[in-house]
Amino acid sequence: MEKQQPMIRLYSVTKRYAGGVTALDGIDLEVARGEFVFLTGPSGAGKTSLLRLLLRQELPSDGQILVNGRNVGALPASKVPDLRRYIGVVFQDFKLIARKTALDNVAYVLNVAGHSRSEQRRLAYNALRSVGLNHRINTLPRILSGGEQQRVAVARAVVNEPELLLADEPTGNLDPDLAVEIMRLFREINARGTTVLVATHDRELIQRMQRRTVVLRDGQVVDPGTPER
Amino acid sequence: MKLRQRIHRLQFFATDAWDEWRHSPGVNLLAVSTLAAALFLAGLVSLVLGNVERRVEQLRDDVRVRIFLLDSLDDAGRGALERELRGMQGVAEVEYVDKAAALERYTEWAGAMATLAAELEANPLPASLEVHLVPGPAAEAVGTAVAQRFRRMEGVEEARFDRNTLHRLEALLDLARIGGSGLGVLVFSAVVFVMASVLRLAVYARRNEIDIMLLVGATPGFVRGPFLVAGFGMGLVSSLVALGLVEGARRGAQAYAGNRALVLLDLVAAHPVGLEQAALLVSVGLLVSLTGAYFAVRRAV
């Protein structure tokens, strides 16, 4: 039987910033389709840089990045929005549009993908309900608590049923109970087939979840973890 | 993309533009006022030029020779002149204006200053024959010939066919048009720059939002859409406001001129801005604001 193409494949990826700072130093990494992987390491290890490269917010200085078989670094600018529509992202600082309600923030992703207005509202409502925020759909982000904002961000990341979900310190601003709640949501999403890659330095959370953990230090993979079978 | 999808997208751009307007009205009001002020000035110039042009057109069509008669000319002499004039080619009509009618015309024209004439003991104005010519390219030559021939005739004090004033007025109008166009280009370049700067402020205020939109898969065109629709809306609102202000100013000027017998002011405010000029003003407003919006957002996305 033919081996399934991995969701993420990094070949000797290096990222150097102006001023000579090397964030990633020739790393190789593979994440299989449907896997749930933690990316951990101390601050400055290169976790955020790696996620930024996967989302094509930046280009690698060297090496190749394949996401779902697509060479991210070689994608023409016009194809970047397509790539991002198949990746759900949860940021540490939520990145919600301040003047839009919770529902409109979630629906925006569907809007850019060309869904009809009624479909946008229905799917966005369902996503918000799945994170327990169906009673807050018409609320602006500034009225929501940090945990609620993060749940809106999660709803936005999953509403399009992405093939890959990236999360950068998604529990960094949350209390432990909420952090567990967010992880429960990620596990549910992963159970539906979405590949999940979570960058975090919360060791307690990683231990509780018992999933593959890739450890980065000084821009290098010091432990690739054990891939799930 | 299907038509229905395009319509939905446009609806979203319009809703989003309005939503953005409500959240930061200050910057948007500044942009609209700047553009409306420039368009108001352009509208005023257009109003004045339009009315002067209309008057010049009337003068151009009103081709007539005035033959002023000596008081000593009797009815038989006047009749002979009239017969001779009517026999000439290119003459459409000959009208006799007696001294009383001439005074009446003067009184009507002079308005408040007509009391001066009333203070005179005798009517100083001469009777005249007004020779209306057939309008057309030959009218000018006919008029000149009639004036030259009749001013030498017995019983005639003066024969006047003065086209110089009209020619000077036409030349002035041409100059005003050229100058106005040059000034217009300069002013509108400046307004595009100001609009682009003001809109750039709006874009800058939303740079986080723009980043988020791009990160969740919006195309640059999708992000630019609401800004361009907002630019279109601003152009439309600004030009309509400017047109309203021009019409208000025209009516105000008319009322002011009517009360004080200001003939010139009355002349330049006689008719509203024409449909063509109004359409041009709106088009310029839309073009300026769309260009400004495009340049503002192009730098950010």
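Predicted model: local features only at pLDDT ≥ 70, side-chain atom pairs only at ≥ 80, totals over all residues.
Okay, strand S8 of chain A: both of its faces are covered. Thr195(A), Leu197(A) and Ala199(A) sit on one side, Val196(A) and Val198(A) on the other, and all are buried; buried here is 20 or more other C-beta atoms within 10 Å of the residue's own, with C-beta atoms placed from the backbone.

Residues count from 1 along each chain as its sequence is written, and chains are lettered from A, ligands numbered from 1, in the order written.

Helices (H or I, at least four residues) and strands (E, at least two) are DSSP runs, numbered from the N terminus.

So who are the neighbours? S3(A), residues 36–40, pairs with S8(A) in the parallel sense over 4 bridges; pairing takes at least two DSSP bridges. Leu39(A) stands opposite Ala199(A) there. S7(A), residues 164–168, also runs parallel to S8(A), joined by 5 bridges, and Leu166(A) stands opposite Leu197(A). From S7(A) the chain crosses through helix H6(A), residues 176–191, to S8(A), a right-handed β-α-β crossover (clockwise from first strand over helix to second, strands pointing away from the viewer).

Last bit, the partner chain. 17 residues of chain A are in contact with 13 of chain B, contact being C-beta atoms, placed from the backbone, within 7 Å. On the chain A side, H3(A) gives the most, with 4 residues.

Methods: Buried ≥ 20, exposed ≤ 12 C-beta atoms within 10 Å, placed from the backbone. Contact = placed C-beta atoms within 7 Å.
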